[in-house]
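Subject: A structure for you to explore

Hi there,

Here is the structure I promised to hand over. Have a look at it first, and then read on for what turned up in it.

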Amino acid sequence: MTDPVILLQILWTGIAMSSYFVLFTVAFALTLKVEKLWNFAQAGLMGIAFYTMFWSLNAANWPVWAGISASVILTAGVTIGVEIWAIDVLRRRHSSGLIFFIFTLIFSQFVAFLLTLLFGTEPETIFPSVMSPVRIVGGIAISDWDLQAVGLTLGMLIALYLLIRFTRDGQFMLAVADNEKLAGIYGISARRVYILSGVISAVLIVAGIWLYGTRAGVTPDVPVGLILTAVIATLIGGLGRVFSAAIVAVGLALLQSFSILFISSKWQALLLYGVLFCALLLFPRGIPAWRWRRVRPVAKSAATAQAGG
Amino acid sequence: MTEKLSRRLVLSVPAALWAGGAFAQQKEPFRFGALMPTTGPEAGYGLDFVKTYEMAVKDINDNGGVAGRPLEMIVLDTQAKPELAINAANKLIEVNKVSVIITAWSSVVKAVAPIANRTATLELNMGANSPDIANLGEYVYTVFPLAEVDVTALAKYTREKLGKTKAAVLYINNDTGIGGAKIYRDVFTSAGGQVVAFEAYDPKATDFTGVLLKARVGNPDVVHIHGLSELPQVIAQMRQLGMLQQVTSYSSGYNPKLLAQLGPAAEGLIVTSLAPTATTNPNVAKLLDLWKQVGRAPNGLPYLQYAWDSTVVVADLFAWVDKNKLPVTGENLRKALLEIRTFDLPMTGKLVVTDDHRIKKPVYLYVVKNGQFTPLDTIA
């Protein structure tokens, strides 16, 4: 098992498999950073995104682009609806964090039951076949799915980075994340920013569930398990640090993959929760190596830009 | 007077028949329970089992019922989870007052067993194959061959007929996988083969790369995978890692959906079946005709044949108890099972109940060829 080819294979497959965890984690961490919301409703959004694509491509026989578009539109639409008619209402009522948490959890369960009624509980994949063409490069098997997963995830992360770093909307998001009231004084609409971050998260979720659903079977209760990994990565990465959480998601996937060298594979899932347990005890505010990278207070410059512009 | 009586008799016969039929329908039905996963990941099989029970119950009732009384089934959902199965079993026994329960899925059969033994309720396994089922107590019997039947036959066939010398055994980490994998390992080894990898994977896993690479290191010439609904994903990832070895599995692999998910990657896969096909048993064709009315191909046809036959067994037990004028209790139904012993069943043939709680059946081997399950061999 210490053959370099095997190690490289585990590394490559681990990175490819981490792709959807990264996308779910970034979606979760972004909402937490901007809205200060532990949005477990994203598990429900994953279900909506998956079954929209599944229905579009298998029952309605739409082309792939149409299925993906429908999924993005519906998932983003539901996100906006939940934001306007539920989250915003709770915010105006000054509801406690616990109420938000419970609401989002109930929303996810509601969606899961609804999808169960509509689509049943048999595991389904987006395409009937789960096979993907493979090429062997230096003894390492690289499938089209692997390349698509890594490429799509990198593309999404770069786009998100550029959006946050170089666009006015991105700076507004940082401003609201840093101090919502101050941003408001400078004329930045927090509500608009919340909707924008929600839509971005919805797109990330659609991309993530696309990758998952083209490789493994999905049932309506699968997303609840998927969001747990996102929560773990967000906790270890440190609250409010979106890209750190993404790196942790990759790290957790690799840890699980490489653990096969030392422990039986049936213990791999336990390892994930063991890491979370230790991380929460030892680093309740995230891994210290990343603490120095605090988000610089760009809110002021962004707010000034808004006021000036 | 005679003429008058005759006329009255003639006139009264249709009325009596009608009244008798109605009376039969009004008679207290013989009730049995079925614990099946009608929701959850295993519902694909569970719902089809239930549908088949309904077909069998209807067939029995259409033919006069059991000793003039209708047969009635009460189905409760287990999601194939032991904790739900325990609640459901208690409800069937305490609330619905059933004396016989049909179960499947090894973890469910095991979870229900202590309740069955404690309450003297007969538990009949119709689809689980963990070898442990034979040792679950005096009220737990199986009408489905346990893993030692088909897995033993498969392991021997792989070693002796196919000449494979090195096997990797991968299995799902639950009762079904653990029991079956151990049997395969022991039989293959005792037949002179070598098991180069023996690895379990988590039931919720989606990435099997590590397990497969561990298997690849041993350079096996056959890979036996003892899994459930995740089986296509394991085989897909195996092929994508460039592992082209012969793959074998047991009866859960005999599933048309697997062929659709794997396409050409399924070619060469060897699976087992424990029931005859429509070509060798006309009754199976009748079952398939009923499924045509449903509008789709059923999942796991051999299992459905056992589902049908387990209903027939239950009906025979009720008939024996009724004939001997005994009250319908689990104790008497168990007595009936052991008294009758040999059942001639329409879908799977002869069933002999033995004192060691095991049964023997012929094993039918299939290989995937040109995208279809093709008969490979039959091991009596």
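Predicted model: local features only at pLDDT ≥ 70, side-chain atom pairs only at ≥ 80, totals over all residues.

**Where the two chains meet**

With that definition, 31 residues of chain B are in contact with 33 residues of chain A. On the chain B side, the elements that give two or more residues are helix H2 (43–62), strand E7 (194–201), helix H7 (209–217), helix H8 (231–240) and helix H9 (256–262). H7(B) provides the largest share of that side, 6 residues. Sorted by type, the chain B residues that touch chain A are 13 nonpolar, 13 polar and 5 charged.

**A closer look at H7(B)**

How many of the 9 residues of H7(B) are buried? The count is 8 of the 9, so the helix is largely enclosed by the rest of the structure. You can find them as Thr209(B), Gly210(B), Val211(B), Leu212(B), Leu213(B), Lys214(B), Ala215(B) and Arg216(B). The cover over these buried residues comes from both chains: it includes helix H1 (4–35) and helix H10 (242–258) of chain A, along with strand E6 (166–172), E7, strand E8 (222–226) and H8 of chain B. Just after H7(B), look for Asn219(B), which takes a positive phi of about 50°.

Two of the strands named here also pair with each other. E6(B) and E7(B) run in the parallel sense and are joined over 7 bridges; in one of the pairs, Ala167(B) has Val195(B) in E7(B) as its bridge partner. E6(B) is mostly covered, with 6 of its 7 residues buried.

**Thr121(A), a loop residue**

Now go to chain A and find Thr121(A), in the loop between helix H4 (97–119) and strand E1 (134–137). Is Thr121(A) buried or exposed? It has 23 other C-beta atoms within 10 Å, so it is buried; the cut-off for that is 20 or more. Leaving aside residues up to four places away in sequence, Thr121(A) touches Thr116(A), Thr219(A) and Pro220(A), and also Thr39(B), Gly40(B), Pro41(B) and Ala43(B).

**Two helices in chain A**

In the contact, Ile232(A), Leu235(A) and Ile236(A) of H9(A) meet Leu272(A), Leu276(A), Ala279(A) and Leu280(A) of H11(A). These divide into 7 nonpolar residues, with no polar and no charged ones.

**The open sheet in chain B**

Chain B also has an open sheet of 5 strands, in the order E2-E1-E3-E4-E5, with parallel pairing. Which strands stand at the edges? They are strand E2 (71–77) and strand E5 (140–142), each with a single partner strand, so one side of each is left without a neighbour in the sheet. On average, neighbouring strands are turned by 25° against each other, direction ignored.

**Two residues with a positive phi**

Most residues other than glycine have a negative phi. Lys97(B) is not a glycine, yet it has a positive phi of about 60°. Lys97(B) lies in the loop between helix H3 (82–94) and E3 of chain B, and it is exposed, with 12 other C-beta atoms within 10 Å. Ala120(B) is not a glycine either, and its phi is positive at about 55°. Ala120(B) is in the loop between helix H4 (106–119) and E4 of chain B, and with 16 C-beta neighbours inside 10 Å it counts as partly exposed.

Enjoy exploring!

Best wishes

Methods. Residues numbered from 1 in each chain as written. Chains lettered and ligands numbered in written order. Contact = placed C-beta atoms within 7 Å. Helix = DSSP H or I, 4+ residues; strand = E, 2+ residues; numbered from the N terminus. Nonpolar A, V, L, I, M, F, W, Y, C, P; charged D, E, K, R; others polar. Pairing = 2+ DSSP bridges. Axes fitted to C-alpha atoms, helices over the stretch in contact; angles between N-to-C directions.
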